Amino acid sequence: VEECLGNAEQQRLVSMTFPAIGTGNLGFPKDLVASLMLDQVLKFSSKKKHKHLKEVVFILHPGDPNTIQVWKHDFYSQLLGSSSSSAMYEIKMSGVVVQAVTGDITKETTDVIVNSSNSSFSLKSGVSKAILDAAGPTVETECQQLGAEPNEGMIMTKPGNLQCKKIIHLVNQTDTKKIQQSVEGALKMCTQNNFTSISLPAIGTGQGNIQPSEVADAMLDAVVEVVCKKSQNSLKLVRMVIFQPAMLTDFHTSMLKKEGTDAQEKEGFFQNVLCMIYFIFYTLIYSTSFMENKHSLPEGKLIIQDMDPACFHICGVSQAHVDHAKQVIKDLIVKEQDFNLINDKALFSLSELDLQNIYDMQTAMDVRISFHKSSQEEAKVTIEGLSKDVLKASNEIHEMLKKVRPEETFKDVPQHWDDMPANTPCLSFPIQPETQEHIDVLKLFEETCKKSVLKVSLLLFSIVSLEIMAGSGEWNDLYILSKGLKKYNSLFNLIELDRFSQLMCNARLFFTQIERIQNKSLWGGFQIKKKDMEARNGHQNNERKLFHGACHTTIDKINELGFNRSYAGKNAALYGDGTYFAVNAEYSAIDKYSKPDPQGQKYMYLCRVLTGDFITGTSGMKVPPTKSTTSINLYDSVTDGVSPPSMFIIFHDSQAYPEYLITFK
């Protein structure tokens, strides 16, 4: 090991990987190998002359839990043990410094000191006695007065003789969940009063008789819940003051679980290669256990270091001007910030590589990502940052989740569908702007509307030109257009006046919302029909994306029940008594087909339609014609006879699925 490290440094390598040498067929004692290898790395790390080697990785086979356990024990005892001369550990969470220290809480100078007391706030034993004795009789009197009034198990008093600004007195708890809630309450009370620092004892480890490790986890969970939220937070320092030094290791271990390599001893015990050794080794231990048990997710922040803050120096002619500029900057920052919560069971199935990619996103996209696990069956990820960065990171995580979701999740519905509550047959989900799904739908909508604008322009030019040639001299407005259309109707025979005015309106179309329609029953019927059509036709070129204009009064019916051909002939039935779909959105945007609601909004579906094999339709058709005089097989749909077709008509309700509802004006 010593030679390998030396050679790596000599060759200017920045990283290297070791197996647990000799613990396999050679049968060397696992604890001895772990101790010797870690000793050599520590010895090498302590040398000041090395410049290049920064990362040392120990690879342990996930199928050898005994080796993993031995290495984990040695790693903690050698690198993270309490034998260090340091008496304080420190991490950062969302810019808030979190410390675990040994000492006397009555000597603290933070804004707030927390006292764990009884229900009457008169406890005179343990830490509570020390705090009340040091604070003096005025604080005891105030506790008696406030304790006699209605309260929620928490009061705030003056500091008395202590060096803090306020004392928060909590009712002592004997349950870790209630300890977490109490600490959360104290932290929130601090933020509500704009305090920046707080000191807390190890609540419940005295008369509560709770294991220090459990108390540490509960208190750190409370810190995560409060300081890692998006809302404004005035806290800059949270200090847990441990009276018994032996408990410090438990708090340090809990801090490591919450914050990864942000945990470091105040006196810089981790330097150079040691920081990287810890992070990678800790990740390996986590990864192997994760592979063995997919219900093991990291809790707390995944990020291991905070970004350097941006500093503004504001100068002005008066304090009022400076304050105004400061507020404007704050408002801009808050306006641009966003967060997204992903709650998905598939998070339990993410691989080691997926987790590493998510970790890397934080640096690449300038976002903060945290995992939270509320139970063995429920997990969520929170992404915070600028709106555009949060959106990009969320989309990438969703793509990962699609790939790892159990296969049976998608056997009946598309992978991009959102989760639906049980026993809910149909829901509509607004599509977020700038997602690829939104871009694709909007692009098809806009492109097929632009064609109508071009068509109107050419027609207008032709009519005006002919009027000039005729020498009428009438140049203005709709008089020429109206006269021109009537005069040359037999020549052009392209569109009627009411259609022309509609197309002119379509030139100014703009959308307001795109919704995805999720209806499992309709989707299942559509898929059955599609498979049947593919088998009959002998090819898979049976599906098209087409538009269908709708009145606002029929939206709920279509979403729930699909398209109903019994309404055939309501608008037009020139090519058969079926349901009509347009190739271009401009046709479906006509008021005749997408009638505006009282607010002027119009509605159009982008549908999946099984057109299959088709032929030109005729008025009065109830079903498509047969494919030949000697066959009983029918065509799947009919068209308007134009080449290529501008519309399709189907005669079976399950041949169309209303995939997206576009709202526009």
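This is a short walk through the structure, from the whole chain down to a few single residues.

The model is a predicted one, in which local features need pLDDT of at least 70 and side-chain atom pairs count only at pLDDT 80 or more, while totals for chains, interfaces and linings use all residues. Residues are numbered from 1 along each chain as its sequence is written, and side-chain values use heavy atoms, with hydrogens and water left out.

Let us begin with the overall picture. The protein chain has 19 helices and 23 strands; these are DSSP runs numbered from the N terminus, with helices being H or I of at least four residues and strands E of at least two. Of its 665 residues, 45% are buried. Here buried stands for under 20% relative accessible area, exposed for over 50%, and partly exposed for what lies in between, using a 1.4 Å probe and protein chains only. Among contacts with a separation of 6 or more, 73% join residues 24 or more positions apart; a contact means heavy atoms within 4.5 Å.

The largest nonpolar core has 42 residues, and the members that touch the most others are Met93, Ile168, Ile198 and Phe251. Helix H7 (residues 212-227) is the top contributor to this core, giving 10 residues. Apart from it lies another core of 20 residues, including Leu347, Leu350, Val381 and Leu401. A nonpolar core is a set of buried Ala, Val, Leu, Ile, Met, Phe, Trp, Tyr and Cys residues joined through side-chain atoms within 4.5 Å.

H7 also has a helical partner worth a look. Helix H6 (residues 176-192) packs with H7 at an angle of about 40°, their axes 8 Å apart. Axes are lines fitted to C-alpha atoms, for helices over the stretch in contact, and angles run from 0 to 180 degrees between N-to-C directions. H6 and H7 are therefore oblique to each other, since angles under 35 degrees count as roughly parallel, over 145 as roughly antiparallel, 65 to 115 as roughly perpendicular and the rest as oblique. The crossing of H6 with H7 is right-handed; a crossing is right-handed if the near helix is turned clockwise from the far one by less than a right angle, and left-handed if anticlockwise. On the H6 side, the residues that meet H7 include Thr176, Ile179, Val183 and Leu187, and their counterparts in H7 include Val215, Ala218, Met219 and Ala222.

H1 and helix H2 (residues 30-46) have axes that come within 9 Å and cross at roughly 35°, and their crossing is right-handed. Glu2, Leu5, Gly6 and Glu9 of H1 make this contact with Gln40, Val41 and Phe44 of H2. For helix H11 (residues 352-365) and helix H12 (residues 387-404), the axes come within 11 Å and cross at roughly 170°. That angle makes H11 roughly antiparallel to H12. Among the residues that meet here are Ile358, Met361 and Met365 in H11 and Ile397, Met400 and Val404 in H12.

Most residues other than glycine have a negative phi. Arg12, however, has a positive phi of about 60°. It sits in the loop between helix H1 (2-10) and strand S1 (15-19), and Arg12 is exposed, at 63% relative accessible area. Asp366 likewise has a positive phi, near 55°. Its place is the loop between H11 and strand S13 (368-375), where Asp366 is partly exposed at 43%.

Asp636 lies in the loop between strand S20 (614-616) and S21 and is buried, with a relative accessible area of 5%. Beyond its neighbours within four places in sequence, Asp636 contacts Met533, Arg536, Asn537, Thr611, Gly612, Asp613, Pro624 and Gln655. Asp636 and Ile650 are 14 residues apart in sequence and 7.1 Å apart in space, C-alpha to C-alpha. Ser646 belongs to the loop between strand S21 (637-639) and strand S22 (647-650) and is partly exposed, with a relative accessible area of 30%. Not counting residues up to four places away in sequence, Ser646 touches Phe581, Ala582, Val583 and Asp640. Ser646 and Tyr587 are 59 residues apart in sequence, yet 8.9 Å apart in space from C-alpha to C-alpha.
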